[in-house]
Amino acid sequence: RGRGPRIVRPSAAADPVQDFARSAAAGLASPPRRLESRFLYDAQGSILFDQITAQPEYYLTRTEASILAANAARIRALTGPTNIMELGAGSAAKTDNLLRAWLERSKAVCYFPVDVSLTALLGACKSISARFPAARVIAVNSEYAEAFPLLSQLSPVLVTFLGSSIGNFSRLEMTSFCLALAASMRPGDFLLLGLDLVKRSSVLEAAYNDRAGVTERFTRNIFARMNRELGSAIDLESIEHSARYQAELEQIEIDACFTKRQAFLLQPPGRAITIAEGESVRTEISRKFRLEQVIPELNRCGFGTEQVFSDERRWFALLLLRR
Ligand code: AVJ
């Protein structure tokens, strides 16, 4: 049997285009219009997101990477030798420090990157296998929750959910996500969770309005994907990106604002949508966290706090939690 990277798809039943069509038709039918953020990450969106992480204003990825670099060996000492499942791995750019720490202490490691983008996963398999020949890579091409049933067989396991991706969830969605994850893990398994912390709004807003305009292209891309996959023929030039910090809710809110009226059909099943001039479509929220608030929430979902890591400015936190 081959020892090279493998790709599995746990739910061959769900047709991604149908899924996108149904969700977009429901979300765009009437105001407040919205699109689910998970659809931002097609092949093109995953490339654009990687470019966002390299922008000077987008401190999240760099800050998290420095925390991880400083503490990976400590994390490995606390967890012991585990399998690693990374939720939303993308191209697995953030994984190097962890795998290096694991391989310093063991001869081999099994790494299970999970992502909805097959293209991003193929890149992850290639780069991880090239840099870490002792890592056995089994990529899972699915939504997060579809990978959860695999977890019971992977115990002892460290699940990583980095980059503050959990901030895309509403509070309610985050709770049900954490409860479902906790229910799928065995007692003693670990979760490594990256959280962007509340800070000055000028710093937050700059991170989501980079000067090079990559975040604007990222927001527009979900409509470009609708044009590609659902035949919507939306004029992408009529879309302006808006990212504002809502201080009361402690979240960045990203909207696509339409400067020209758009009328289009979504195929299948051919739903007619009209968006008036001046209307907007919410494509993302990115919640910011306070440790004193989020830690008890996580504890109530079944995760005990093992260790909290942060940077000098307290801009970002990496939580090691134990199921
Ligand atoms: C991948 C959800 C963590 O919220 O910072 C970055 C997505 N959107 N810039 C974030 C994002 C626009 C990102 N997460």
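Reply: Start with the contact between α3 and α4, where A65, L68, A69, A72, A73, I75, R76, A77 and T79 of α3 meet N97, L98, A101, W102 and R105 of α4. Sorted by class, this contact holds 10 nonpolar, 2 polar and 2 charged residues. The model is a predicted one.

Two packed helices are described by the angle between their axes and the distance between the axes. Helix α3 covers residues 59-79 and helix α4 covers residues 96-105; their axes come within 8 Å and cross at roughly 35°. The crossing of α3 past α4 is right-handed.

Next comes the pair α1 and α10. Helix α1 runs over residues 16-28 and helix α10 over residues 214-230, and their axes come within 11 Å and cross at roughly 125°. Angles of 65 to 115 degrees count as roughly perpendicular and those over 145 as roughly antiparallel, and α1 and α10 are therefore oblique to each other. In this pair, α1 passes α10 in a left-handed crossing. On the α1 side the contact is made by V17, F20, A21, A24 and L28, and on the α10 side by I222, R225, M226, E229 and L230. By class, the contact of α1 with α10 has 8 nonpolar and 2 charged residues, with no polar ones.

One residue of that contact leads on to an open space. R225, which takes part in the contact on the α10 side, is also one of the residues nearest the centre of the second largest pocket, along with P16, V116, N141 and E143. Rolling a probe the size of a water molecule over the atoms shows where empty space is left. About 440 Å³ of space lies in this second largest pocket, and 22 residues line it. The elements giving two or more residues to this lining are α1, α5 (118-131) and α10. The largest share, 3 residues, comes from α1. The lining of the second largest pocket is made up of 8 nonpolar, 5 polar and 9 charged residues.

The peptide bond from P31 to P32 is cis, with omega near -5°. Another cis peptide bond joins S155 to P156, with omega near 0°. P156 sits in the loop between α7 (151-154) and β6 (157-161). In the loop from β6 to α8 (171-184) is S164, which has a positive phi of about 65° although it is not a glycine.

Helix α11 spans residues 291-300, and α8 packs against it at an angle of about 40°, with the axes 10 Å apart. Angles under 35 degrees count as roughly parallel, and α8 and α11 are therefore oblique to each other. R171, M174 and C178 of α8 meet Q293, V294, E297 and L298 of α11. The contact of α8 with α11 divides into 4 nonpolar, 1 polar and 2 charged residues.

Technical notes. Residues numbered from 1 in each chain as written. Predicted model: local features only at pLDDT ≥ 70, side-chain atom pairs only at ≥ 80, totals over all residues. Heavy atoms only, no water. Axes fitted to C-alpha atoms, helices over the stretch in contact; angles between N-to-C directions. Helix = DSSP H or I, 4+ residues; strand = E, 2+ residues; numbered from the N terminus. Left-handed = near helix turned anticlockwise from the far one by under 90°. Contact = heavy atoms within 4.5 Å. Nonpolar A, V, L, I, M, F, W, Y, C, P; charged D, E, K, R; others polar. 1 Å grid on protein atoms, 1.4 Å probe; cavity = no way out; pocket = protein on both sides within 12 Å on 5 of 7 lines; lining within 4 Å. Points joined across faces, edges and corners; volume = space filled by probe spheres on them.
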